[in-house]
Amino acid sequence: MPNPDQRAPETVTATGCPFGASAVAPRSQQGEFLTTATGTRLRDSDHSLKAGRRGPTLLQDHHLREKIMHFDHERIPERVVHARGAGAHGVFTSYGTGAKITTARFLAEKIETPVFVRFSTVLGSRGSADTVRDTRGFATKFYTEEGNYDLVGNNIPVFFIQDGIKFPDVVHAAKPHPDREIPQAQSAHDTFWDFVSLHTEAQAHTMWNMSDRGIPASFRTMEGFGVHTFRLTNADGETCLVKFHWKPVAGVHSMTWEEAQLAAGADPDFHRRDLADAIEAGAFPSWELGVQVMPDTQDEMFEGIDLLDPTKLVPEELCPVQLLGKMTLNANPTNYFAETEQVMFNPGHLVPGIDVTNDPLLQARLFSYVDTQLTRLGGPNFAQIPINRAHAPVNDMLRDGFHQHAVHTGQAPYRPNSIDAGNPAETPEAQRPFVEVSTPVSGEKVRAVPATFDDHLSQVRMFYRSLTPVEQDHVAAAYTFELGKCYENPVRERQLAHLAAVDTDLAKTVATGLGLPVPEPSTKVADVEPSPALSQVKAEMNFPVDGRIVGIVADDDADLAQVKKASAAVEKAGMTPFVVAAHGGHLGGKKDVVIDRTLLTTRSIEFDALLAVSAIAPAPDSAAAFDAKAGDPSGVPNSAVDPRLTLLIGEMYRHCKAIAFLPEAEAAMAAAGIEAGTPGIVQEKDADKAVGTLVDLLGAHRAWDRFPRSSADPR
Ligand code: HDD
């Protein structure tokens, strides 16, 4: 019998990760004392063994060699795409409504399934900033009773390319230039726009990137999409075609471009921190999982849309999303490397009742995800890494290989065998094996896609025309910025010609910004009905405010009763209050009001709303007083308000966030040039009432009426 201690070290987290319940303590962290990797207790880990105090180091020092050897090999290759990510544990609770369409138990029955989710950017390296303009990955591993099911999606429902064979091309074009390795985590460069302007099929995904979807406010407020069409089978053997959607309970929200840039500098870990902080604060992020269900017809088309074309979406107005369950993320990983870095996803990890389709992008992915782990995780046994292990019993015949942790028993890891009594047995129908749906296949060998993949631009026009004017302005500004960072005129002109095909006004705005003439449209584009569901700005918005952050500005002379009242009201609403002052420590020297942020350590991006209880004057002889003075040629300070507070309020104002001022803070409002009655600006005498109004305003995320139409927009 193998010694039980020879099992692989288990991952145990204090936060109740799925492994916690059944886990033994990690073998690498047992006992009280520091040891070598093989358990010998150590007396000194700070000095290498030398021949005399000033002498050379001795080769015999095993501890030195082991410590340095291990350190030298601590890094593994980052993911070739989606290298930068953040993960969380959680649970998926099925509504049990999926039984009509699938036998997959985690969807068909009212049960709970543990999950691990990894969110990511696509282009940047592991250490790049979170808030860059990019697609976001949204990969979910369901540890179901029937094996692991991975839904490896994005926050954008369409993809750049139709055939996976082009994936290396689009990624090479989008990654930093190979000569200087710049720019990092950016699509604003010549090779990216060269590729997408040469591929009209990439225009749909690119337009989504240029919209506010490319700069999400947080992972918590992103939609997720399975992108491809999948095939489900129910208990009667009937099949249907579906597209998966994750709907964030907190609503879909994005940053403004200025916020994204501020965050990239002031807090490059913005999204990672936001996710972890929300979970720690108990404001557990949640999403409802839903499907658009389409008939499994022979042509695999729906309302003229080829369901195998991953550059197309199906408008929700044509096929509403049916909800199947809710996912709640309730625990942070204990160890980033062990969990978030080593987790591996694969769209080929399926369970009975869910199958793939012939989408040529999906087909290539089925090879890529299993293959890439060999390099990244160093061998074929990556499914044994704790975060990747199934919670269902595993009885495979995969043997040996690098990093083999299992001590397999038996003598006959082959089938059929008579030596191990024929075990493991093949699964009979009644025991629910995974069986591929049997679909007829015929045709000649060709390197081609169907003619129904040819319309590349009508959905781009549909997306653009489904946005509100504010969102359209942001799209125009994004194209102008990105193409402004390209130096090859043919690239810019080619892209402008595609924009001219999609929408003349959009092309005009961007061309004006670039100082280029508006070209002829690259092609003629069919009109498609707009899909209002694609816009983030709705007439009625009343999203929950849990986990939102409200800054409470006060100085040492502020009415502390109002500060305390404001904090209590913010907490009561399920949000987090941060008291902001000019200095750290306590407000007014009183021990009962702790200052969470100073004007030096925070920027506006940290707050969803602001409540100014009082203004803050610049301290005499401070750098802030100097800055205030420098702004006025008379040399007399031009403001009684600390310019860092004016900057904070000015940014919140520009980003159309809600701001409340109590009477003592009116000087701050005046210094920022804010007029009474402006949308999203609250003037109240009482902190309680002010918070109540802020909660209402936060339901809509921003004061949308405050956005000016872009000055570059001729309309
Ligand atoms: Fe991919 C990672 C999502 C097309 C090849 N992809 C990866 C991740 C996500 C996606 C979320 C990160 C998973 C994680 O957190 O570990 N990828 C998508 C979506 C696609 C898509 C939604 C289109 C609909 N991907 C795609 C194609 C290929 C790949 C066409 C190759 C033919 N993707 C990979 C990869 C990665 C990956 C190279 C990098 C690391 C990994 O798989 O494990 O294999």
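Student: Okay, which residue in E8 is the bridge partner of Lys243?

Tutor: Gln292 is the bridge partner of Lys243. Before we go on, this is a predicted model, where local features need pLDDT of at least 70 and side-chain atom pairs count only at pLDDT 80 or more, while totals for chains, interfaces and linings use all residues. Residues are numbered from 1 along each chain as its sequence is written, and side-chain values use heavy atoms, with hydrogens and water left out.

Student: How many bridges are there between E7 and E8, then?

Tutor: Nine, with E7 and strand E8 (residues 286-295) paired in the antiparallel sense. Strands here are DSSP runs of at least two residues (E), helices are runs of at least four (H or I), and both are numbered from the N terminus. Two strands pair if DSSP finds at least two bridges between them.

Student: Which strand does E7 form a hairpin with?

Tutor: E6, with five residues between the two strands. Gly237 in that turn has a positive phi of about 80 degrees. Four bridges join E6 (residues 230-233) to E7, and the two run antiparallel. Leu232, for instance, has Cys240 in E7 as its bridge partner.

Student: And what about E5, how many bridges join it to E7?

Tutor: Two, again antiparallel, with E5 covering residues 224-225. Gly224 stands opposite Trp246 in E7.

Student: Is E7 mostly covered or mostly open?

Tutor: Mostly covered: eight of the ten residues in E7 (239-248) are buried. Buried means under 20% relative accessible area, computed with a 1.4 Å probe on protein chains only.

Student: Switching to helices: how many residues of H5 are buried?

Tutor: Eight of eight in H5 (residues 203-210). Among them are His205, Trp208 and Asn209.

Student: What covers them?

Tutor: The cover includes H4, H10 (458-466), H11 (469-484), H12 (489-502) and H13 (504-514).

Student: H4 again! At what angle do H3 and H4 pack?

Tutor: About 145 degrees, with the axes of H3 (residues 167-174) and H4 (residues 190-198) 7 Å apart. The axes are lines fitted to C-alpha atoms over the stretch in contact, and angles run from 0 to 180 degrees between N-to-C directions. Asp169, Val170, Ala173 and Ala174 of H3 meet Thr191, Phe192 and Phe195 of H4, where contact means heavy atoms within 4.5 Å.

Student: Last one: which protein residue is the donor to the iron atom of the ligand?

Tutor: Tyr369, through its OH, 1.8 Å away, and that is the single donor from the protein. Donors are N, O and S atoms within 2.8 Å of the metal (3.2 Å for Na, K and Ca), and water is not among the atoms, so sites may look incomplete. Tyr369 lies in helix H9 (residues 360-376).

Definitions and conventions
Buried < 20%, exposed > 50% of the residue type's maximum accessible area, 1.4 Å probe, protein only.
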